[in-house]
Amino acid sequence: MKSIAKLVIAGVLSAGVVCTSVAATLHTMDDVGAAIQSCWTPPGDAGNSTVTLSFSFKRDGTLIGQPRPTAVKVAGDDKARQSFIDAAITAVKNCTPLSLSPELSQGIAGNVFTQQFVSPK
């Protein structure tokens, strides 16, 4: 049974940051979390919202499947909820593939990670 590693980073970054991939080589899971957070652009009307996504990487830094929401607390209606979730998923997708160090790539493959995305207050 694979171990489950948790990466929960509650970062708040200003809107307008767009990433297509992360070029710097990442050596730790903190580096991975910071790289993904740098691609996070929350919807402007999100209020006090959070979403936690679960996802996995291959050794080459690409995603295994679609990131999945595991915990959602979004202010507003169903449309606002879906918009916030979609923005978090887009952040993960736009930041991949990640450039992983050889050591990190050996330990990352197939493990499940979680990351929290938080709206600005």
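Modeller: Axes here are lines fitted to C-alpha atoms, for helices over the stretch in contact, and angles run from 0 to 180 degrees between N-to-C directions. Please bear in mind that the model is predicted.

Colleague: At about what angle to E5 does helix H1 run?

Modeller: Helix H1 comprises residues 29-37 and lies across E2 and E5. Relative to E5, the angle of H1 is about 40°.

Colleague: Which strands stand at the edges of the open sheet?

Modeller: The sheet has three strands in the order E3-E2-E5, with antiparallel pairing. Two of these strands have a single partner strand each, so one side of each lacks a neighbour in the sheet. The edge strands are therefore E3 (63-73) and E5 (112-118).

Colleague: Which residue in E5 is the bridge partner of Phe-55?

Modeller: Strand E2 (residues 50-57) runs antiparallel to E5, and seven bridges join the two. Within E5, the partner of Phe-55 is Phe-113.

Colleague: Which strands does H2 touch?

Modeller: H2 packs on the sheet, and its direction makes about 145° with that of E3. The strands touched by H2 are E2, E3 and E5.

Colleague: Is Ile-85 buried or exposed?

Modeller: Ile-85 is placed in helix H2 (residues 78-94). Beyond its neighbours within four places in sequence, Ile-85 contacts Val-51, Pro-69 and Val-72. Buried means under 20% relative accessible area. Because the relative accessibility of Ile-85 is 5%, this residue counts as buried.

Technical notes: Residues are numbered from 1 along each chain as its sequence is written. This is a predicted model: local features need pLDDT of at least 70, side-chain atom pairs count only at pLDDT 80 or more; totals for chains, interfaces and linings use all residues. Side-chain values use heavy atoms; hydrogens and water are left out. Helices (H or I, at least four residues) and strands (E, at least two) are DSSP runs, numbered from the N terminus. Buried means under 20% relative accessible area, exposed over 50%, partly exposed in between (1.4 Å probe, protein chains only). Contact means heavy atoms within 4.5 Å. Two strands pair if DSSP finds at least two bridges between them.
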